[in-house]
Amino acid sequence: MIIYNLDVDSRLKNIIIQTGDKQNKKTAVKALMTDWNMREYDAFDNLAKFIETKVSGEVFDIWGALYKKNQYTESHSHKDVTNTFVYFIDVCEECAPLFIDDKKIIPENGKLVIFKDEVHYTSKHKCDHDRIIIAGNIK
């Protein structure tokens with residue numbers, strides 16, 4: 001697992017909110033989830049390019065998610081990928097943590113977590129603050 005702390009591009013949050021939910025909770029993400037590939041937006045593409053400089057491979061999926069109170073992500077892993085990542089862009093100290101193989105990752109604005117294809121999930125989001133993240137896969 002690799003962790004970076006980055007400045008958050010303010011455009012990312014607005015793009016996620018404006019895009020809205022495109023997955024209708026049909027994935028492991030039981031929250032608002034954008035399209036699978038958001039690289040058409042410069043802010044997303046810049047993040048993907050940064051990640052590609054840190055690991056071997058290409059970011060082929062990158063999406064946003066916005067969690068309201070009581071929303072979560074089911075336990076799952078990503079098949080046929082080299083790495084997966086989660087980038088926290090608008091969170092507070094009460095926001096639901098990320099668990100990777102049962103290791104608790106406390107969300108912090110600007111924290112980028114890159115990890116192997118390990119089982120991961122997010123517990124139910126308990127606070128009133130929207131928890132906004134970007135996630136993706138690397139091949």
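Predicted model: local features only at pLDDT ≥ 70, side-chain atom pairs only at ≥ 80, totals over all residues.
## A partly exposed glutamate

Glutamate 52 is partly exposed, with a relative accessible area of 24%.

Residues are numbered from 1 along each chain as its sequence is written, and side-chain values use heavy atoms, leaving out hydrogens and water.

## The fold

The chain has two helices and 11 strands. Helices (H or I, at least four residues) and strands (E, at least two) are DSSP runs, numbered from the N terminus. Along the sequence, the pattern reads β-α-β-β-α-β-β-β-β-β-β-β-β. The radius of gyration is 13 Å, close to the 14 Å from the globule rule for 139 residues, so the chain is as compact as a globular protein of that length. That radius is taken over C-alpha atoms, and the rule is 2.2 Å times the number of residues to the power 0.38.

Buried residues make up 51% of the 139 residues. Contacts are heavy atoms within 4.5 Å. Of the contacts with a separation of 6 or more, 75% join residues 24 or more positions apart.

Side chains of opposite charge can pair when their charged atoms come close. A salt bridge here is a side-chain nitrogen of Lys or Arg within 4 Å of a carboxyl oxygen of Asp or Glu. The count comes to eight salt bridges.

Arginine 39 pairs with aspartate 45, with the closest N and O atoms 2.7 Å apart. Both of these residues are buried; arginine 39 has 18% relative accessibility. Arginine 39 also forms a salt bridge with glutamate 52, at 2.8 Å from N to O. Arginine 39 lies in the loop between β3 (32-33) and α2 (42-54), and glutamate 52 lies in helix α2, so the pair ties together parts 13 residues apart in sequence.

## A link between two loops

Aspartate 128 and lysine 69 meet in another salt bridge, 3.5 Å from N to O. Aspartate 128 is in the loop between β10 (120-122) and β11 (131-138), and lysine 69 is in the loop between β4 (59-67) and β5 (72-76), so the pair ties together parts 59 residues apart in sequence. Aspartate 128 is exposed at 68% relative accessibility. Lysine 69 is partly exposed at 44%.

Elsewhere, shared partners join Arg39, Asp45, Lys49 and Glu52 into one salt-bridge network.

Note on methods: Buried < 20%, exposed > 50% of the residue type's maximum accessible area, 1.4 Å probe, protein only.
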